[in-house]
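Dear colleague,

Please find below the structure that I am handing over to you.

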Amino acid sequence: MKKIQKGSIKNIEKIAKDTFALEINSNVMQACSGQFISILCPPKTLRRPFSIKGFKDGVLEVFFKLKGDGTNYIKALQIGDSIDFMGPLGQGFKIQNKKSLLIGAGIGIAPMLFLKDELNKKGVENFLITGFKAQDEVIEGSDKTVIGGSVIDFLPEVIEKFKPEIIYSCGPEIVLKLVTRVAQKYNLEAQIAMEKVFACQVGVCRGCVIKILKDGKIQNATICHDGPVFDAKAVVWE
Amino acid sequence: MGIKIANFEIKNPIIAASGTFGYADEYEDFCDVSKIGAIATKGITLEPRAGNEGDRIFETNSGMINRIGLENIGIERFIDEKIPILKKKNITYILNAAGSTIEDYSKLATIANKNGIEAIELNVSCPNVKSGCLEFGVDSNSLYELVLSVRKNYDGCLIVKLTPNVTSIENLALAVQKAGADAISAINTLKGLGIKIDFINGKFYKKEVQGGLSGKCIKPVALSMVKRIRSVTTLPIIGMGGISCLNDLFEFISVGADAFEVGTHNFTQCDACNILADNLEKFIKTKGFKDFEDLKEKIKEIK
């Protein structure tokens, strides 16, 4: 199957301030948490990548936050309209049968909710903590929601109580960096989903590289193709 | 729809521009790569390169700025790992070659010659270490020497990709012709600076990306440059800069282009080369033209 296709809008619904849930009818057969789709947003040059929030019977769900012309284009689409997307793309979370702590910041909750579903289906015990800047930005679905403050401040308490064996996280780089530090401190494995501006979406343009430690060497990896999910230990922070 | 650039046969006049299509095989899940006229590979150097640190991409109005810094796997790995795939999949390719000394380019040319690589596109927008890192492509004497030296070591189709960041592109086109190149491709990216300033919680934040500007916004510059090149040379010209639709092809033909490269638009629509080639073929067939050459002639005759 060609990974570029036209789907149709099943639903667009406001879920928080400037934040929407978008459902797309598609021919996609398989998708997993941590993967993303890239939506064409005319007249923008670059596609906009969005983490997949859910997938069932060909219906892909993503969350998007209004930021500019690209996301405004999507918001203006109507139910039934055609939408051009590539995906699912990238490497998702490698789910393990371990007690899981999920950490999401802002719209980074999207892949965490998908992952939570997957873990629940597998019967893996999990706890999702998320952080939002303000009450009106809160997206529902977490076991604990932090409003206004930093989600990081609550991690020691949650870790000591819940005693996770693995951490999964998605959010801005600064949050992921701090999550990595906390994981190191508690000697926990962590998988983090990263983001950057993508041009090609498939790893060829080398526009979204980060440094990772692989086979004892520091090397380039593209977030769009080698990621977005990386083993936190391997990431070499700038 | 096949055409020839000098003696190099391509499947149709639409080429995927260097840096926008990797080494081609990566796009297999997304489009029919073997049907693309040809693919100019990512810029390849003698040794592998890790590219630039920091942000590499900045989106602009109707385009983007990139500063990848020639991250590539090096000629050796390209030959060992990529050529067998390209051959097996019947993908027509052009080696985009880059270096920092004339010797680098000559060595690449020699290796390409030995390995039966049929076409090279020289990226001359690289700093020339010997001349104080001034780009090869901005000085007609350095460019002449560079092309001459590559020509001596290479029998295949030699294309030189000109940079628009110069005072007289005519002099550079003449230098390339005199040195024995087979074709010119133009234009490479324009020098640009992207700045984004945010004011968050009472504090300014600035992001700056300086690099090469590409995309729809550069088309008028590209058309002007191709016209100026055509005014001094009879060499085949591969026109590029902001091409995204059939009418863009017509515009480039009207200023003297013989074939086209599609670059940034591959990021918007990764099957753009296939779609454009199909649309071009359909137009020729349904509007009563004999072939691509006939279409070109008719467009050039427009008063």
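In this predicted model, 25 residues of chain B are in contact with 19 residues of chain A, contact being counted when C-beta atoms placed from the backbone lie within 7 Å. On the side of chain B that touches chain A, β5 (57–60), β6 (63–66) and α7 (265–268) each supply at least two residues; β6(B) gives the most, with three residues. Helices (H or I, at least four residues) and strands (E, at least two) are DSSP runs, numbered from the N terminus. That side of chain B divides into nine nonpolar, 10 polar and six charged residues, where Ala, Val, Leu, Ile, Met, Phe, Trp, Tyr, Cys and Pro count as nonpolar, Asp, Glu, Lys and Arg as charged, and the others, Gly among them, as polar.

Within chain A, the domain assignment, which is automatic or from a database, gives domain 1 (4–89), domain 2 (93–192) and domain 3 (194–238). The C-alpha centres of domains 1 and 3 of chain A lie 23 Å apart. Their contact takes eight residues from domain 1 and seven residues from domain 3. For domain 1, β3 (36–39) and β6 (82–89) of chain A each supply at least two residues of the side that touches domain 3. By class, this side of domain 1 has five nonpolar, two polar and one charged residues.

Residues are numbered from 1 along each chain as its sequence is written, while chains are lettered from A and ligands numbered from 1 in the order in which they are written. As this is a predicted model, local features need pLDDT of at least 70 and side-chain atom pairs count only at pLDDT 80 or more, whereas totals for chains, interfaces and linings use all residues.

With kind regards

How values were computed. Contact = placed C-beta atoms within 7 Å.
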